[in-house]
Amino acid sequence: MTVRTKLIAGVALAAASLGFVGAAQAQTKEVQMLHWWTSGGEAAALNVLKQDLAKEGYAWKDVPVAGGGGDAAMTALKAMVAAGNNPTASQMLGYTVLDYAAAGKMGDLTELAKSEGWDKAVPAPLQKFAVYDGKWVAVPVNVHSVNWLWINKAVMDKIGGTEPKTFDDFIALLDKAKAAGVTPLALGGQDWQEATMFDSVVLSTGGPEFYKKAMNDLDEASLKSDTMKKAFDNLAKLKAYVDPNFSGRDWNLTTAMVIKGDALVQVMGDWAKGEFKAASKTPGTDYICMRFPGTDGSVVYNSDMFGMFAVPDDRKEAQLALAKATLSKSFQSSFNVVKGSVPARTDVPDTDFDACGKKGIADLKKANDGGTLFGSLAQGYGATPAVATAYKDVVDKFFNGQIKTSDEAVTQLVKAIDEAK
């Protein structure tokens, strides 16, 4: 199914859900959640929250919309809100939360936030997207980061590979896998997956200061620089290591290639770890998690938010229960252990996390303290949704040969971002 088809399907689902959600509104002990967490690892993580709320007597009603890296779900959300049938909450990414808040569509969690001390527990970069005009309108569920490699250890051992420290080392490792007849690089050919990988390539190529200027500040000189051209050239090199059937493949199916040993490595956010966990795989024994070569010390992040929409008074109790449960220390630990991400509050111990989780928590603290915590442009935290869409479109066209050269790519990127601002 193409992303376009999934988007259409998402609208259809939203339309079908309108009556369902409307009928559910009278049930004050019910939470309606729109989300795109439909893979095995994601569903297992979300089930933690369902169970926590069930213990408090709240029923859960899913409005799941798969595909498109959340694009289909956001199309469905738009239809629901336009029809006046707001869900209790929706999974959302940063700037989308702010857009709906600016339109006056979000609820107000400020009183709960004060009583729970969220201001002290949640890092300031996340509050930028959870708080609008002084009011808490969303709760961060986690902190994901995208600059990771996920490597099948058995395949790595078989080809005699070692963990790459630089981009050139990475290319040499992929060459080893190719020579051994193994698909070197698992990638799903969807624009958001390609752009997510490019986030890491840009950081590896240009370094932290360059990444911030180009991908967060949208500095035009940086965007059209020789460094950005080299980043596109490096992306083009990676294309040679992808299998011919990559087009349109969902990310979790791509992760499964690495889990099964059909491919050596995937460049993907740490939500991929949830798939390894669901498959009963252990870090260090079955797979290796490491930062994308050349990016250690920096974290390119995104955060899943539960945007809380304006709902009638008789539905607010359930909404506040959902918000409180989501930012509880116990849930932040148990959910993120399963999901692969790290807690969205800084006072949660890493005791229950595996080696990859402990590294993720330590990396986040180091990056936050050192000023090398950057929003992922591909994942909606580097700039507005319009700019992110323009970015993904240019990267996708370049990766698939519609834009032929890195010179043309930077020209198109600057133009597309200027038009999207």
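Author: One definition before we start: helices are DSSP runs of H or I with at least four residues, strands are DSSP runs of E with at least two, and both are numbered from the N terminus. Also, keep in mind that this is a predicted model.

Reader: Got it! Where does L218 lie, then?

Author: L218 sits in the loop between helix 11 (208-216) and helix 12. Its phi is near 55 degrees, which is a positive value in a residue other than glycine.

Reader: Is L218 buried or exposed?

Author: Buried means under 20% relative accessible area. L218 has 11%, so it counts as buried.

Reader: And what about S280, where is that found?

Author: S280 is in the loop between helix 15 (272-278) and strand 11. S280 also has a positive phi, near 60 degrees, and is not a glycine.

Reader: Buried or exposed, that S280?

Author: The cut-off for exposed is over 50%. S280 has a relative accessibility of 63%, so it counts as exposed.

Reader: Switching topic: how many disulfides does the structure hold?

Author: There is one disulfide. It joins C289 to C356, with 2.1 Å from S to S.

Reader: Remind me, what is a disulfide?

Author: It's a covalent bond between the sulfur atoms of two cysteines.

Reader: Which residues is L149 in contact with?

Author: Leaving aside neighbours within four places in sequence, the contacts of L149 include P164, F170, V265, I288 and C289. The C-alpha atoms of L149 and C289 are 5.8 Å apart, although the two are 140 residues apart along the chain. L149 is in strand 8 (residues 148-152), and L149 is buried at a relative accessible area of 0%.

Reader: Nice. What volume does the largest pocket have?

Author: About 790 Å³. It is lined by 39 residues, and the closest to its centre are W36, G69, G70, D71 and L93.

Reader: Which helix gives the most to that lining?

Author: Helix 4 does, with five residues. By class, the lining of the largest pocket has 13 nonpolar, 17 polar and nine charged residues.

Reader: How much space lies in the second largest pocket?

Author: About 270 Å³. Of its 17 lining residues, R345, T346, I361, L364 and K365 are the closest to the centre. Helix 18 gives the most to this lining, with six residues. The lining of the second largest pocket divides into twelve nonpolar, two polar and three charged residues.

Reader: Last one: what does helix 20 pack against?

Author: Its buried residues pack against helix 12 (220-223), helix 13 (226-239) and helix 19 (385-399). Among the buried residues of helix 20 are V410, L413, V414 and I417. Helix 20 (residues 406-420) has 15 residues and reaches 21 Å from its first C-alpha to its last, close to the 21 Å expected at 1.5 Å a residue.

Key
Residues numbered from 1 in each chain as written. Predicted model: local features only at pLDDT ≥ 70, side-chain atom pairs only at ≥ 80, totals over all residues. Heavy atoms only, no water. Disulfide = S-S within 2.5 Å. Expected span 1.5 Å × (residues − 1). Buried < 20%, exposed > 50% of the residue type's maximum accessible area, 1.4 Å probe, protein only. Contact = heavy atoms within 4.5 Å. 1 Å grid on protein atoms, 1.4 Å probe; cavity = no way out; pocket = protein on both sides within 12 Å on 5 of 7 lines; lining within 4 Å. Points joined across faces, edges and corners; volume = space filled by probe spheres on them. Nonpolar A, V, L, I, M, F, W, Y, C, P; charged D, E, K, R; others polar.
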